[in-house]
Amino acid sequence: MHIQPDRFLRDLHKLRSFGAAGVGKGVVRPAFSKADIAAREWLMAQFEAADLRAHMDPVGSVWGLADGPSVLMGSHSDTQPEGGWLDGALGVIAALEVARAAQEAGGPAVSVVSFQDEEGRFGGTTASSIWAGSVSLETADQFADFDGVLFGDARQSVADLAGDFVDPAQFNGFIEMHIEQGPWLDRAGETIGVVSDIVGIRDLNITFGGDQNHAGTTPMMYRRDAVQGMVDYITQVNAAFASIVSDSTVWTNGHVSVHPNASSIVPGQARFSMQWRDRDAGLLDRMEAIIRETARTVAATRDLEVEISDYWALAPVEMDARLKAALADAAALVAPSKWREMPSGALHDATCVAALMPVAMVFVPSINGISHAFGEDTNEDDLVAGLKVLASAVTRLTN
């Protein structure tokens, strides 16, 4: 099997052209956008040209299927509302190159997937969650984006291209190549990260309700200010977490919606997201208890209503020992003394696929640790090194 780095990089830049935006190598290609659908049609054409069977499933994931049992590789090709050119896309194009090289060499059998909506326009790892059986298609069809568009309606835009779901029994494992999306490899001057495990994640929304009123004539002592409740809540949660979390624990309030969102009106409602991640499921439970109790305490103290949504969650996942060992052996060959084993603090489709088959992941550095932004980038030498690790690992596994 002879991979072609120039072909790999050419295709990676071609995929970037679908939804290219902003400065540098920015991309705007949310799930089911015109750019996303065009990119998926282009990917299917590349699969066919590589003598793979091109297929789109009912939720918009696209597949390049080898004959018979095969190793499955890939990631996703949708992006954040303002994203970079490598998040997800790297794993898809690297998988395409390895599968294409394998086809040209007469084996081993490698299949490729680009899952739909990993980035969460409708929730997060939507397509891989459905495929893995953790959420039903009927339930997912009612997921709505922030504009109120339902997943079930959005996927009708590709209904003419879609077929059945792919049977996971034909795959003997899944390997996902990805940018690190963090600073550790870049700061250490290292080239490869072999993932040990993926953190668990939980995500919910909290809404404080107060009284909308005039900002100039309502005395402070009589206000029921929803934003003040939100600020008090975030401050108290941060203080409470300090005594129980580890250095790798993270939590984020990333989405805020204030009503009526006017400078001269005391806000009557504040809705915001609360997301937390860690490798320890027990710690996630303890954090959740603090999150809920603090919200109720702040509401009672400030005479506010509070509503806490159901949470969306994925449990921590360990990588398969055999697949991980193949990646580690390959990393030691390709990048001796410049690789490490490390956890993933980001969420990936591999988390969901782990319910169906053994999974593993390999990282390449993110320059300055930047991702989910137009400035996301990786040196091309590191991209090619990751490709070589992926190809070497597949060869080792099939031998």
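## Salt bridges

A salt bridge is counted here when a side-chain nitrogen of Lys or Arg lies within 4 Å of a carboxyl oxygen of Asp or Glu. In this predicted model, the side chains of Asp-141 and Arg-155 meet in such a bridge, with 2.8 Å from N to O. Asp-141 is placed in the loop between α5 (137-140) and α6 (151-154), and Arg-155 in the loop between α6 and β5 (171-179), so the bridge ties together parts of the chain that are 14 residues apart in sequence. Both partners, Asp-141 and Arg-155, are buried.

Glu-288 is buried at 12% relative accessibility, and Arg-202 is buried at 10%.

## Aromatic pairs and a charge over a ring

How many aromatic pairs are there? The count comes to 14 aromatic pairs. One of them is formed by Trp-131 and Phe-171, which are arranged edge-to-face, with 6.3 Å from centre to centre and 65° between the planes. This pair links distant parts of the chain, since Trp-131 is in helix α4 and Phe-171 in strand β5, 40 residues apart. Trp-131 is buried, with a relative accessible area of 9%, and Phe-171 counts as buried at 6% relative accessibility. Tyr-233 and Phe-272 form another pair, in which the ring centres are 5.5 Å apart and the planes stand at 50°, so the pair is tilted. Tyr-233 lies in helix α8 (residues 226-241) and Phe-272 in strand β12 (residues 269-278), so this pair ties together parts that are 39 residues apart in sequence. Tyr-233 is buried with a relative accessible area of 0%, and Phe-272 is buried at 1%.

Trp-131 and Phe-171 also belong to one aromatic cluster, together with Trp-63, Phe-115 and Phe-174. A ring meets a charge at Trp-85, where the charged end of Arg-16 sits over the ring, 5.8 Å from its centre.

## Ala-127 in helix α4

Ala-127 has its place in helix α4 (residues 126-132), the helix that also holds Trp-131. At 1% relative accessibility, Ala-127 counts as buried. Leaving aside residues up to four places away in sequence, Ala-127 touches Val-59, Ser-61 and Gln-116. The C-alpha atoms of Ala-127 and Pro-58 are separated by 9.2 Å, although these two residues are 69 residues apart along the chain.

## Helix α2 and its surroundings

Helix α2 (residues 34-49) has 16 residues, and from its first C-alpha to its last it reaches 23 Å, which is close to the 22 Å expected at 1.5 Å a residue. The buried residues in α2 are Ala-35, Asp-36, Ile-37, Ala-39, Arg-40, Trp-42, Leu-43, Met-44, Gln-46 and Phe-47. An α-helix has 3.6 residues a turn, so residues three or four places apart point the same way.

Which elements do the buried residues of α2 pack against? Their packing partners are the helices α1 and α3 and the strands β1 (53-56), β2 (62-65) and β4 (110-115). After α2 comes Asp-51, whose phi is positive, near 65°.

Methods:
Residues are numbered from 1 along each chain as its sequence is written. This is a predicted model: local features need pLDDT of at least 70, side-chain atom pairs count only at pLDDT 80 or more; totals for chains, interfaces and linings use all residues. Side-chain values use heavy atoms; hydrogens and water are left out. Helices (H or I, at least four residues) and strands (E, at least two) are DSSP runs, numbered from the N terminus. Buried means under 20% relative accessible area, exposed over 50%, partly exposed in between (1.4 Å probe, protein chains only). Contact means heavy atoms within 4.5 Å. Rings of Phe, Tyr and Trp (its six-membered ring) pair if their centres lie within 6.5 Å; planes under 30 degrees apart count as stacked, over 60 as edge-to-face and the rest as tilted. A charge sits over a ring if NZ of Lys or CZ of Arg is within 6 Å of the ring centre and within 35 degrees of the ring normal. The expected span of a helix is 1.5 Å times one less than its number of residues.
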